[in-house]
Amino acid sequence: YGFINTCLKSLVVEKYGEETWEKLRLQAGVQDSFLTFEVYKDEITMQLVDKACKILGVPADMVLREFGEYFFEFCKRSGYDHMLRTLGGNLYEFIENLDALHSYLSLSYQAILFLFVFPQEMNAPSFRVEKNEDGSMHLHYYSDRRGLCHIVPGIIGAAALDFFNIEISMEIVNQTEEEERTGKKEHIVFLVTQTPVFSYKERNDFSSSSQYLADSAKQIETQLNKEDVEKAKNTIRDRGSSVCPVKKSHWKTLRGIITLGKGKLLRGFDPVYPKSLWIDTKTFCNGLPFHMVFDKELRVKQAGVSIQKIVPGLQTMGICLDHYFSIVHPEVPFTISSIQKFINSQFVFQTRREMMPESWKQRPMLELRGQMIWMESLQCMLYLCSPLLRTLHELEERQMHIADIAPHDVTRDLILLNQQRLAEMELSNQLERKKEELRILSKHLEEEKKKTEALLYAMLPEHVANQLKEGKRVEAGEFKECTILFSDVVTFTNICAQCEPIQIVLMLNTMYLRFDRLTTVHDVYKVETIGDAYMVVGGVPVPVPTHAERVANFALGMIIAAKGVQNPVSGNPIQIRVGIHTGPVLAGVVGEKMPRYCLFGDTVNIASRMESHGVPSKIHLSSSAYQCLKYKNFEMTERGEIEVKGKGKMHTYFLVRNKTATENEIMGRP
């Protein structure tokens, strides 16, 4: 399920940052987000773990252990806190009941599991725990998935510290591939040792309380007279002998004395059993309609009435149970020794199709879920079970009714409750899918917005475009000094007369694409293009002291770039004229329907005259532009005085080269 991948993403983002997650998911080739109840392939999770090891530079066992610790916290945050806390009063009971928790969750969530979140067709991991005399435990872990065992110490360690305030160490003492189970399973045996965690205050309190209890015990022993002690002993001895005689220690006797008097029993409980069973066979079989008793040879000795009704073969006492049922969970051979080995696990039986009545053969097989209880005195196994049904639909498929289930059986309530839960989950899934669709649409919208803004910023200066987007009026601005450039194609009119329109468009597009790239390289602003004319400015809309140098380098790049554009008539490189002038301008936005950022002033006219009175493949400079570049490492030659239309005689120059910049630097090449 996406739940586990979402947890993995949350871990990486929280501990290593968004950038690391983005790098990780791109290398793994997976999407950015996962739907909680959507089923994803195992390969996605394994790929993420593998790439995490490489990117973070840590071994897989450390990554999995850290993930296990985080996954426990993630489950708590996701609302499973109370459910996990109630599994057991100590670590042994907690682990012992994990399989039962998985079984319960599979009813509602098709196997959202505490240790792993996988769909129902993939079997859940299984656990078996054994106590050792020294207080340690052996934890047996079985899983279809190899290589994930290092998650277990992370999760169990985090649960032990949080729920029971103990630190544990877990080491692998045996690792095999279980052959005797149905299908090949990874079987890992962990040695679990526990250490209580005490704060400084708790340690002092513990020492004090221990001494206090010892002193209290001495006081109790002296205060009770011998007669009371003997009387109490006789009473307890008489009571114990009638039930199950057990040799009691001195302190157990004292606790019994305190119980008989006015004291308060702090610890211990001894159940009382009747001398004979006060229930007849018929009532038992009707009251527990889904139960079976079988011996070591799997011969059926007793069965509830409802299971007899569904599997009529069970009415023949002495038949073998494995002829009519197979074990679905845990995946063990159908032998009494295997069942005893996993007696603390919940067992799921499934009816065998070939042994069912004809009316059942077209229906889904019935599954039973319950616990095994070994009866030592009878050398028989009691299987207390209920039908494993998740929804009303499953009940109807088997043509069963709520009435077939005993009134005291919570399966009735689970089916009805789960029906409501499934409806809520479906609604949650729909909302989550809609949320994901909106996220994707929002992402696409953001991408389109960026494209639109890029197009807008290509037409208008960014700060001007932003003001217009906000509905503000853009005031015209005066710039005391800037440098303007004009260029055009030599003999453009003749070329147009001899070519097809498409050829002209292709030629201009090729040329302008090269020029546009140079505007980015030299950070000058492209004002407009009209036909073959190209206009840029330096120092507008953002004033900069190096405006003349930027435009000069741009002009040198234009001459070089034009040599790579072919004349469609002659086949030779085209030639351009370039004119540059420096002076003051007024700039502002003109129009509303198609607003343009325009420059006004005599500086624009003079720059245009420099271009029109220029020489092919030369950069023509006015005297003011020359003065700005005079001491800036540019080589320039004097042209002299020329007659300029509308301006009279003007002293002009040609820009030859930049003395310090290479051609690659001018063109912005690496």
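**Exercise 1. Cis peptide bonds**

Task: In which loop of this predicted model is Pro330 found, and what is the geometry of the peptide bond from His329 to Pro330?

Solution. Step 1: Pro330 belongs to the loop that joins β7 (325-329) to α13 (336-341). Step 2: the model is predicted, and in it the bond from His329 to Pro330 has an omega near -10°. Step 3: this peptide bond is accordingly classed as cis. For context, most peptide bonds are trans.

Task: Where is Pro541 found, and what is the omega of the peptide bond from Val540 to Pro541?

Solution. Step 1: Pro541 is placed in the loop between β13 (533-538) and α19 (547-562). Step 2: omega for the bond from Val540 to Pro541 is near 5°. Step 3: the bond is cis.

**Exercise 2. Positive phi at glutamine**

Task: Is Gln379 buried, partly exposed or exposed, and what is its phi?

Solution. Step 1: Gln379 sits in the loop connecting β9 (367-375) with β10 (380-387). Step 2: its phi is near 55°, a positive value in a residue other than glycine. As background, most residues other than glycine have a negative phi. Step 3: the relative accessibility of Gln379 is 27%, so this residue counts as partly exposed.

Task: Determine the phi of Gln399 and its exposure class.

Solution. Step 1: Gln399 is located in the loop between α14 (392-397) and α15 (411-459). Step 2: although Gln399 is not a glycine, its phi is positive, about 55°. Step 3: exposed means over 50% relative accessible area; Gln399 has 53% and is therefore exposed.

**Exercise 3. A nonpolar surface patch**

Task: Which residues form a nonpolar patch with about 300 Å² of accessible area together?

Solution. Step 1: the patch on the surface is formed by Ile502, Val505 and Leu506. Step 2: Leu506 is part of helix α18 (residues 501-522). Step 3: with a relative accessible area of 52%, Leu506 is classed as exposed.

**Exercise 4. Helix α3**

Task: What span should the 15 residues of helix α3 (residues 42-56) have at 1.5 Å a residue?

Solution. Step 1: the expected span is 1.5 Å times one less than the number of residues, so α3 should span 21 Å. Step 2: the end C-alpha atoms of α3 are 21 Å apart, which agrees. Step 3: the buried residues of this helix are Ile44, Thr45, Leu48, Val49, Lys51, Ala52 and Cys53. Step 4: Gly57 follows α3 and has a positive phi, near 70°.

Conventions. Residues numbered from 1 in each chain as written. Predicted model: local features only at pLDDT ≥ 70, side-chain atom pairs only at ≥ 80, totals over all residues. Heavy atoms only, no water. Helix = DSSP H or I, 4+ residues; strand = E, 2+ residues; numbered from the N terminus. Buried < 20%, exposed > 50% of the residue type's maximum accessible area, 1.4 Å probe, protein only. Patch = residues over 30% accessible without salt bridge, like charges linked within 9 Å, V, L, I, M, F, W, Y side chains within 5 Å. Areas by Shrake-Rupley, 256 points an atom, 1.4 Å probe, with all protein chains shown as cover. Salt bridge = Lys/Arg side-chain N within 4 Å of Asp/Glu carboxyl O.
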